[in-house]
Amino acid sequence: MQNKITILGQIEQNAFIQGMVTGELTQRQRDYYVAQDQYYLQAFDAYFDQVVAQVAPQWQMQLPVLGEAEADAHATLRPGSGVAKIAKDSVNQDYLLHLKLALDDKWQPLSGLVALLPCIESYYLIAVKFQQQAATTYHGWFDYYAGLEYQQLVEWFWRVINADLQQVLPQLTADDWHGLQKIYQQSYQDEFNFWQVAAQAAE
Ligand SMILES: Cc1ncc(C[n+]2csc(CCO)c2C)c(N)n1
């Protein structure tokens, strides 16, 4: 998991994240991020449902229900009319393809959960890290992802992955284990790339 820490560190230094912390993002950067994320979340929701359908009913029942606050978190980025004209980019497509392939991997739902975990946990870890120092401009974003409701979703993922891992561990070969680590790793890399292209969209 060493690499996770490295990539998360890079994400934290990314210019878009830092712009949310200091309150200095251009309209174009915000529009670009929100446009890409609308495409992303649409696909993500379907993948998420697919994975949840494969976990034990006991876990399904414990899945925290998120309210509408996430849309508000996005709204704090104040997207403008430029959003509608931005097409899905290749970083986004590569990320979604990676998720799709992970959901077809033989270890389900584990490989799906492991692929989706960085999407879920990285936002929480970023928000917790910068919540105290973030300027008021985009504070709603940090408050939402560091908040109790979102934290419960992250903890659900960690619990379900741990339980599932315990169960299948005896059957996992070294190659399988390596494959799962690579899936997790790649999602972190794709998260980083996603922030990078948004940062680069500055005018
Ligand atoms: C590129 C990208 N990666 C992760 C998230 C975070 N995220 C993914 S799904 C979801 C809500 C759960 O239904 C959240 C918070 C994002 N928004 N965009």
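## Exercises with worked solutions

The loop that runs between α5 (69–75) and α6 is where Arg-78 is found. The structure is a predicted model, in which local features need pLDDT of at least 70 and side-chain atom pairs count only at pLDDT 80 or more, while totals for chains, interfaces and linings use all residues. Residues are numbered from 1 along each chain as its sequence is written, and side-chain values use heavy atoms, with hydrogens and water left out.

**Exercise 1.** Determine how many helices and strands the chain has, and which radius of gyration it shows beside that of a compact globule.

*Solution.* Begin with the assignment, in which helices (H or I, at least four residues) and strands (E, at least two) are DSSP runs numbered from the N terminus. The chain has 10 helices and 0 strands, and its pattern along the sequence accordingly reads α-α-α-α-α-α-α-α-α-α. For 203 residues a compact globule would come near 17 Å, and the chain agrees because its own value is 17 Å. Along the principal axes, the C-alpha atoms fill a box of roughly 50 × 35 × 30 Å. Finally, turn to contacts, meaning heavy atoms within 4.5 Å: of those with a separation of 6 or more, 85% join residues 24 or more positions apart.

**Exercise 2.** Work out which residues have the most contacts inside the largest nonpolar core, and which helix gives the most to this core.

*Solution.* Burial comes first: buried means under 20% relative accessible area, exposed over 50%, and partly exposed in between, with a 1.4 Å probe and protein chains only. By this criterion, 50% of the 203 residues are buried. A nonpolar core is a set of buried Ala, Val, Leu, Ile, Met, Phe, Trp, Tyr and Cys residues joined through side-chain atoms within 4.5 Å. The largest one has 71 residues, and those with the most contacts inside it are Met-20, Tyr-33, Leu-99, Trp-141, Tyr-150, Phe-157 and Trp-195. Among the elements that give two or more residues to this core are α3 (27–52), α6 (90–103), α7 (110–130) and α9 (148–168), and α7 gives the most, with 13 residues. In soluble globular proteins, nonpolar side chains tend to be buried together.

**Exercise 3.** Decide whether Leu-96 and Cys-119 are buried or exposed, and find what each of them touches beyond four places in sequence.

*Solution.* Leu-96 lies in helix α6 and is buried, because its relative accessible area is 5%. Neighbours within four places aside, Leu-96 is in contact with Tyr-39, Tyr-40, Ala-43, Tyr-47 and Lys-88. Cys-119, in helix α7, also counts as buried, at 7% relative accessibility. With residues up to four places away left out, Cys-119 touches Tyr-40, Phe-44, Tyr-95, Tyr-150 and Glu-191.

Technical notes:
The radius of gyration is taken over C-alpha atoms; the globule rule is 2.2 Å times the number of residues to the power 0.38.
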